[in-house]
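Subject: Structure handover

Hello,

Here is the structure I said I would pass on. Please open it beside this email as you read.

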Amino acid sequence: MEDIKVAVIYYSSTGTNYQLAKWAAETAKDQGAEVRLRKVKELAPKEAIEANEDWKKHVEATKEVQEASMDDLEWADCYIFSAPTRYGNLPSQFKQFLDTTGGLWFNGKLANKVVSGMTSASNVHGGQESTLLSLYKTMFHWGAIVAAPGYTDEAIFNAGGNPYGVSITAGKEAMGDKVKKAVAHQVKRTMTLGKWVKKGSE
């Protein structure tokens with residue numbers, strides 16, 4: 001996988017999707033890929049962040065993480081996206097990032113990228129699947145290739161069984177080894193498909 005470039009791009013307010021993204025980046029690096037771990041720019045007002053101690057701590061703890069750019073999208077062969085659900089949809093911060101990709105899309109720079117998504121919600125039926133489907137609708141417009149994990153490995157079943165992508169009920173007790181293994185499988189699958197696509201286009 002040495003010739004594969006992977007951009008792991010996340011939005012996280014209190015750290016759950018940051019952890020998923022870190023696991024994804026670690027797996028990609030372990031597989032020999034060149035990896036960029038990037039965060040989506042925080043757009044929430046300072047007052048809202050200050051009012052939530054966990055949010056405030058996470059913003060401070062990740063202040064050194066570089067923000068995602070259009071260059072990261074153009075550079076990568078594969079994308080791993082991770083963002084929490086907001087009312088069964090993507091957070092406005094992540095949606096705004098996607099909405100700035102028009103120039104790349106217009107010039108065909110996002111076509112044939114291989115992409116997969118992960119998400120979280122505060123409860124079991126909090127909109128995880130609809131959030132990933134919302135993400136993938138944008139990918140279809142890009143002409144990207146969605147690498148959903150499906151039921152291609154036991155790790156997916158063990159982590160909750162979401163075929164659209166790893167999704168969890170947020171909370172420290174949820175971030176265990178089963179989820180980490182599911183993330184690793186999803187990343188490896190995405191990279192494998194990315195390698196096939198890249199080789200086929202050469």
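Predicted model: local features only at pLDDT ≥ 70, side-chain atom pairs only at ≥ 80, totals over all residues.

Residues are numbered from 1 along each chain as its sequence is written, and side-chain values use heavy atoms, with hydrogens and water left out.

Helices

Helices (H or I, at least four residues) and strands (E, at least two) are DSSP runs, numbered from the N terminus. In helix H5 (residues 92–99), Gln93, Phe94, Phe97 and Leu98 are buried; that means under 20% relative accessible area, while exposed means over 50% and partly exposed lies in between (1.4 Å probe, protein chains only). The buried residues of H5 fall within an arc of 135° seen down its axis, so they line one face of the helix; the arc is that of the directions from the helix axis to the C-beta atoms. Ser92 and Asp99 are exposed on the face turned away from the buried side. The cover over the buried residues of H5 includes strand E1 (5–10), helix H4 (70–75), strand E3 (78–82) and H7.

The buried residues of H7 include Gln128, Thr131, Leu132 and Trp142. Just after H7, glycine 143 has a positive phi of about 85°.

Aspartate 72

Aspartate 72 sits in helix H4. With 1% relative accessibility, aspartate 72 counts as buried. Beyond its neighbours within four places in sequence, aspartate 72 is in contact (heavy atoms within 4.5 Å) with Ala7, Arg36, Arg38, Glu67 and Tyr79.

On a 1 Å grid over the protein atoms alone, a cavity is a set of points where a 1.4 Å probe fits but cannot get out; a pocket is an open set with protein on both sides within 12 Å along at least five of seven lines; lining residues have an atom within 4 Å of a point. Grid points are joined across faces, edges and corners, and a volume is the space filled by probe spheres set on the points.

The whole structure has 2 cavities of 30 Å³ or more. The largest cavity has a volume of about 50 Å³, and its lining includes Ile156, Gly160 and Ala182. The second largest cavity holds about 30 Å³. Phe94, Thr131 and Leu132 are among the residues that line the second largest cavity, and H7 gives the most to that lining, with 3 residues.

The second largest pocket has a volume of about 270 Å³. It has 13 lining residues, and those closest to its centre are Val124, Gln128, Gly160, Asn162 and Ser167.

Regards
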